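Please read the sequence and the structure below side by side before turning to the explanation that follows.

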Amino acid sequence: MGSIYQNSYVTISATNSGDGSSRCLGERRKPVRIPYTNTTKKEFAVRARKILDHHPSANPDGGPAKPIGPLTSRAWALQEHVLSTRILHYTATELLFECKTSYRCECSPERKSYPTTPSLIPKAVASKKPHAVWQAWQTIVGKYSSRDLTVATDKLPAISGIASKIRKATHSEYLAGLWKANLASDMLWSAASAAHSVVHYALDTWRAPSFSWASLDAPISYTTLDDEERETFVPMISLLASSVTPKGLNPLGTVSDTSITIRGPTTAATLCSEQNGAKWTYLLLIKGTSTIPVRPDCLLVDAEIKLGGEAQTRKSVRRARQGDSLRNFKAPVLCLSIARYDNLIAGIVLGISEQNPAAWERLGTFAAGTEAVQNAKAKELILL
């Protein structure tokens, strides 16, 4: 589908339609009848229709209205929006035209350049800056993750057309939502549940590896660096091996199994959970340092992990699933330092995998001063 939209001359978008059963043209408001008598005492009936607000989310800097409507909340539609060259949006109030250089609406047709969704990738590629394409990808993933999918297994297929464009521009290997050439930065995504009181759980059915944002149904964001921080950003991990098994013919779509083997600095820690009102918070305890807040991927629970075929178990932490009993806990975890910038270390928190006790699964992210992980030891880890 991606090639269809990027090769089309113009894409007509039924932006005001929520599904395939809705019409492209919305219903107009019924006119009101206003009696009118002219100067010769002759009576007439004037009909008028209320004008809807064309700019409900007005740009403070001015400019045309941006497309809004049910279609802008659909995950598949973002890929179609990004890949199209020209788009004609049918909204509830007017027509909007959007291309790679600008967008215009009927009430603001002036010829000015504005950033647009179809220009995200072309501008990044044309800029010749090494980080620009990765920034474009992360921006798109952030928007995409907040949209709705009717079929949960479409999470990776519905963005695979964009992934194809990124792969063509970078020649990098795709790892179920992450890129080998930008692995450190891509691994530092965070779920929005950490900053809001939204409650998220792990999926009942496996869809993607835990280190990928595609493993959750939650809005996500990435660590945003300014120019100075980007210059000091140094990855602390190295990818030793990777395995991605596609489930179908699309190599960038649904996966049936994915793992990576990484070498990086690790620090043993204790993860504590606390309930503050209706919100759960999580803190890391590392010997010799103060507590470090954790941005969890979702709600977490402690667990007894069976070690192979033996009767032995080991306490750890895993992502909570619907039906789990949430409680306060203190349990051992592993902190993997991913990158360093300025005087900060950014990393991920890991728990022992229930699927394979010799491997680890992601629980959340942390950021701390360099002194917190000064005793870290380099270790090879398999992440699932």
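**Pockets, a surface patch and salt bridges**

The residues lining the largest pocket comprise 13 nonpolar, eleven polar and three charged ones, where Ala, Val, Leu, Ile, Met, Phe, Trp, Tyr, Cys and Pro count as nonpolar, Asp, Glu, Lys and Arg as charged, and the others, Gly among them, as polar. The model is a predicted one, in which local features need pLDDT of at least 70 and side-chain atom pairs count only at pLDDT 80 or more, while totals for chains, interfaces and linings use all residues. Residues are numbered from 1 along each chain as its sequence is written, and side-chain values use heavy atoms, with hydrogens and water left out.

The largest pocket holds about 640 Å³ of space and is lined by 27 residues, of which Trp134, Gln135, Gln138, Asn182 and Ser185 lie nearest its centre. Two or more lining residues come from each of α4 (132-145), α6 (183-186), β10 (220-222) and β12 (238-246), and α4 gives the most, with six residues. A pocket here is an open set of points, on a 1 Å grid over the protein atoms alone, where a 1.4 Å probe fits and protein lies on both sides within 12 Å along at least five of seven lines, and lining residues have an atom within 4 Å of a point. Grid points are joined across faces, edges and corners, and a volume is the space filled by probe spheres set on the points. Helices (H or I, at least four residues) and strands (E, at least two) are DSSP runs, numbered from the N terminus.

The second largest pocket contains about 480 Å³ of space, and among its 19 lining residues Arg28, Thr91, Ala92, Thr93 and Glu94 lie nearest its centre. Its lining is made up of seven nonpolar, five polar and seven charged residues.

Helix α6, one of the contributors to the lining of the largest pocket, contains aspartate 186, which is buried with a relative accessible area of 0%; buried means under 20% relative accessible area, exposed over 50%, and partly exposed in between (1.4 Å probe, protein chains only). Aspartate 186 and glycine 248 are 62 residues apart in sequence, and their C-alpha atoms are 24 Å apart in space. Why can helix α2 (residues 75-83) be called largely enclosed by the rest of the structure? Seven of the nine residues of α2 are buried, so the helix is largely enclosed, and these buried residues are Ala75, Ala77, Leu78, Gln79, His81, Val82 and Leu83.

On the surface, Val32, Ile34, Tyr36, Phe44 and Val46 form a nonpolar patch with about 430 Å² of accessible area together. Such a patch is made of residues with over 30% relative accessible area and no salt bridge, nonpolar side chains (Val, Leu, Ile, Met, Phe, Trp, Tyr) being joined within 5 Å and like charges within 9 Å, and the areas come from the Shrake-Rupley method with a 1.4 Å probe, only the protein chains shown counting as cover for residues. Strands β2 (32-37) and β3 (43-48) each supply at least two residues of the patch, with β2 giving the most, at three residues. Valine 46, found in strand β3, is partly exposed, with a relative accessible area of 39%.

The count of salt bridges comes to ten, each being a side-chain nitrogen of Lys or Arg within 4 Å of a carboxyl oxygen of Asp or Glu. Lysine 180 and glutamate 173 meet in one of them (3.7 Å, N to O), and lysine 180 is partly exposed at 44% relative accessible area, as is glutamate 173 at 35%. Arginine 207 and aspartate 217 meet in another (2.9 Å, N to O). Both residues lie in the loop between β9 (189-191) and β10, so the pair ties together parts that are ten residues apart in sequence. Arginine 207 is buried, with a relative accessible area of 9%, whereas aspartate 217 is partly exposed at 42%. Arginine 319 forms a salt bridge with aspartate 297, the closest N and O atoms being 2.9 Å apart. This pair links distant parts of the chain, with arginine 319 in strand β17 (residues 313-319) and aspartate 297 in the loop between β15 (292-296) and β16 (300-306), 22 residues apart, and both partners are buried. Salt bridges that share partners also join Arg318, Arg321, Asp324 and Glu354 into one network.
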